[in-house]
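My entries follow the structure.

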Amino acid sequence: MTALMALIRKEFASLFGSPTAYLTLTMVALVTALIFFDHLRLYNQILFVYASSNMGGFESDTIPDYINLWDAVFFPVMETLGLTLVGAVPLLTMRVFAEERARGTDELLVSTHLTPGQIVLAKFAVTFLFVTLMMSVSFVYPAIAIERGGLGAQHLSAVYLGLTLHGIGLAAIGLVCSAFTSSQLVAAVSGWAIAFVLWDFGWIQPFVSESMARALDSIALHPRYGSFSEGIVSLENVVYFAGLALVGMAIARFSFDMRRVSG
Amino acid sequence: MRELALAGFVAITFGLGSYYATNHFGAFSLANLSLGGLGLLAALVLGARRLRFTGGPHSRPVVLHGLGLVLAAIVIAFSAERGAHHADVRLDWTFEQRYDLDASLVDLIEQLPGLKISLFYDPLDPRIRRTRLLVDEIARHGKKVRVKAYKIDKVPEKLEDYGIGSSNSLLFRRKDRYQVVERPTEGAIYEALYRLLSVEAGVIAVLRGEGEGDPEVTTDLGYGGLASMLATEGYEIRSLVTMSVREIPDDVDLLLAIAPQRGIQPVALDAIRRFLARGGGLVALLEPGVESGLEEILAEWGLRSPDRVVIDPAFGESSGTEAQGVCPLVHVYESHPITRGLDRNHMTFFCGARTFELRKPEVEDELRAVAQTSARAWLSDDLGVLDRRGRSVEHAGEAQTYRPIAVAGRYVRDDVETRILAIGDSDFASNRYLRALYNLDLIMNGVHWTAEREPQIQLRPKIRSTVQFPLPVADSLQMLYGVGLLVPEALLIVGGVVWIRRRTA
């Protein structure tokens with residue numbers, strides 16, 4: 001346990017000892033703030049156009065139903081951030097195992113009394129915590145803006161819970177890719193490819209049966225985290241992302257076995 | 001092998017990326033996906049061959065152990081997900097509690113086992129995701145509910161058969177009956193399911209011929225909404241022209257009088273008296289300034305209605321179309337089946353109402369003031385206040401107290417039970433105000449009670465308006481500078497300091 005904690009501390013120190021972590025946090029926080037502000041500004045503008053005096057004002061029913069915080073702000077922000085994470089998270093995870101492998105330091109790790117399972121657990125835990133921190137940092141501005149308006153803070157929390165779980169799922173995929181290669185480039189590109197494949201199986205639906213389409217839909221990322229953007233927090237979707245992380249850890253651990261076998 | 005894998009992954013990324021960007025699965029996407037798949041397959045074969053050559057008999061248990069762990073993780077993850085699916089725990093964190101179905105809708109769904117729901121959609125229609133969640137919620141509450149979704153362009157014969165014209169339409173089927181909802185809201189679904197239930201609640205005769213409100217008119221001043229709702233909840237609506245009435249038909253359960261504007265023929269009034277005496281029900285909506293003869297009948301049953309206008313200064317702020325205090329918001333309800341669920345938070349809205357005074361004709365009679373004004377209300381003899389738009393009405397020294405606006409009487413004479421509901425306003429049930437606040441529930445529950453159909457009394461689903469208030473731009477901008485940009489700036493500075501220290505270390 002002490003060794004595991006030491007490894008987690010070492011991973012944290014290594015992560016925050018380099019400017020990459022700060023740059024990633026900065027980029028995600030900045031992109032979130034700008035996207036959120038832009039949608040909020042656009043929402044306000046459209047609302048005022050509809051509510052201008054010659055169209056009846058806020059009291060009337062002249063504002064179309066689809067112009068609301070939910071559709072005009074939360075949903076597009078969630079969609080854009082979801083895709084941003086697909087792009088950003090594999091860049092974050094590409095070095096975790098691949099760098100150690102390229103430098104040969106993974107051999108040193110294995111030679112300590114840490115088991116492959118513990119090594120994988122430590123690396124996954126640190127990455128998941130970083131993803132959570134990244135989403136928390138990006139949550140600050142939208143949360144304060146929404147809280148000042150006195151509306152929808154709970155819904156926004158659901159959106160961010162969904163985004164955090166989505167980020168954790170993507171991190172699990174990225175870490176698996178990183179665990180099987182010593183090339184950071186291969187890790188990143190394969191992470192993107194697998195994330196894109198798992199994102200949404202809408203593209204394959206014309207070629208498969210309805211039941212197969214439903215089965216594929218149930219393992220896709222987008223429908224799972226999409227329901228969070230609707231304000232629905234379901235145990236099923238939370239467990240899906242937790243399961244993805246668990247399977248990711250098992251596969252990453254398997255990479256150590258493969259390394260022992262293939263040399 | 002790595003080069004092949006890299007090329008394969010890049011091709012798949014671009015193939016799917018182009019699909020997500022354009023939402024079109026064209027030659028570019030197809031070619032990239034095919035080549036990418038082939039590349040990955042080749043890389044996999046090469047990898048497997050390498051594994052076979054490097055791995056000996058000693059390595060087999062290691063690989064099998066690793067694969068076993070992966071398999072176990074997949075089984076655990078799959079089982080846990082399925083378990084959570086069946087446990088069906090979900091929280092609605094929307095501001096409007098949009099997916100917490102109304103109790104009345106849940107009751108209705110439970111009464112319709114084996115319901116089949118079909119969703120017709122266009123994949124690009126953004127409303128679909130919300131409708132799917134609503135349908136999921138309905139399916140959760142029903143027994144053996146089956147849900148299917150159809151792309152609207154794939155099933156032209158179904159569109160033709162059921163008269164479906166647009167995306168985001170729901171088709172509800174049960175046995176040989178069906179209902180289509182084109183803009184699915186809880187209220188619309190509730191009404192469709194009620195029609196599917198095909199309740200036979202009785203016959204309502206609507207008095208006509210003396211300037212009463214018209215149940216066939218769908219404009220603001222008409223009562224088409226009320227008639228439609230009565231039909232939805234199982235009543236057969238018939239017109240009864242009072243000029244030619246000698247006797248109310250035996251199969252009529254209830255009379256509905258919507259503010260007659262002239263005196264009803266004495267012969268018709270006598271027919272109404274006989275109808276009530278033999279246990280018929282009466283729902284009478286009155287208006288100030290009119291004496292149609294119904295007031296006389298109501299007085300005979302202990303429901304006297306002086307021809308004066310209720311002024312309630314508690315809700316005196318004028319909307320600009322009426323005199324101040326003429327349109328009371330009612331939140332004082334007596335405990336009665338009609339007012340089940342109505343309270344301070346479930347108000348009703350009246351405009352230009354008269355009041356009632358209750359005097360029991362017999363000791364056993366039950367008379368109740370089911371809905372009353374605030375304690376500050378008084379009565380005005382000046383009917384002209386109804387036309388004084390936006391002006392204040394001077395208090396003429398009349399005592400201020402609670403004034404009944406809706407009253408209900410239950411009478412048992414020789415084992416025959418008669419029920420009467422009288423309301424001192426008819427506008428509240430017009431198309432203009434029917435769906436304002438809880439007006440619809442008051443009139444519908446009043447009709448159900450008068451028709452002795454208490455189990456049908458409930459509060460119906462309301463339209464849940466979405467959040468359409470602006471977040472002030474100045475505030476948003478302050479927040480952007482104060483938090484949105486400050487946090488990334490601070491992070492960048494810290495990152496820069498770390499980088500410089502590492503370089504100089």
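Which residue stands opposite Leu254(B) in S8(B)? I found Ile204(B) there.

I noted the basis first. The model is predicted, so I kept in mind that local features need pLDDT of at least 70, side-chain atom pairs count only at pLDDT 80 or more, and totals for chains, interfaces and linings use all residues. Residues are numbered from 1 along each chain as its sequence is written, while chains are lettered from A and ligands numbered from 1 in the order in which they are written.

Entry one: strand S8(B). I located S8 at residues 254–258 of chain B. Strands (E, at least two residues) and helices (H or I, at least four) are DSSP runs, numbered from the N terminus. Five of the five residues in S8(B) are buried (20 or more other C-beta atoms within 10 Å of their own, with C-beta atoms placed from the backbone). Leu254(B), Leu256(B) and Ile258(B) point one way, and Leu255(B) and Ala257(B) the other.

Entry two: its partners. Strands pair if DSSP finds at least two bridges between them. S6(B), residues 202–208, pairs with S8(B) in the parallel sense over three bridges. S9(B), residues 281–285, pairs with S8(B) in the parallel sense over five bridges. I saw that Ile258(B) has Leu285(B) as its bridge partner in S9(B).

H3(A), residues 69–103, packs with H6(A), residues 153–179, at an angle of about 25°, and their axes are 8 Å apart. That makes the two helices, H3(A) and H6(A), roughly parallel (angles under 35 degrees).

Notes: A residue is buried if 20 or more other C-beta atoms lie within 10 Å of its own, exposed if 12 or fewer, and partly exposed in between; C-beta atoms are placed from the backbone. Axes are lines fitted to C-alpha atoms, for helices over the stretch in contact, and angles run from 0 to 180 degrees between N-to-C directions. Angles under 35 degrees count as roughly parallel, over 145 as roughly antiparallel, 65 to 115 as roughly perpendicular and the rest as oblique.
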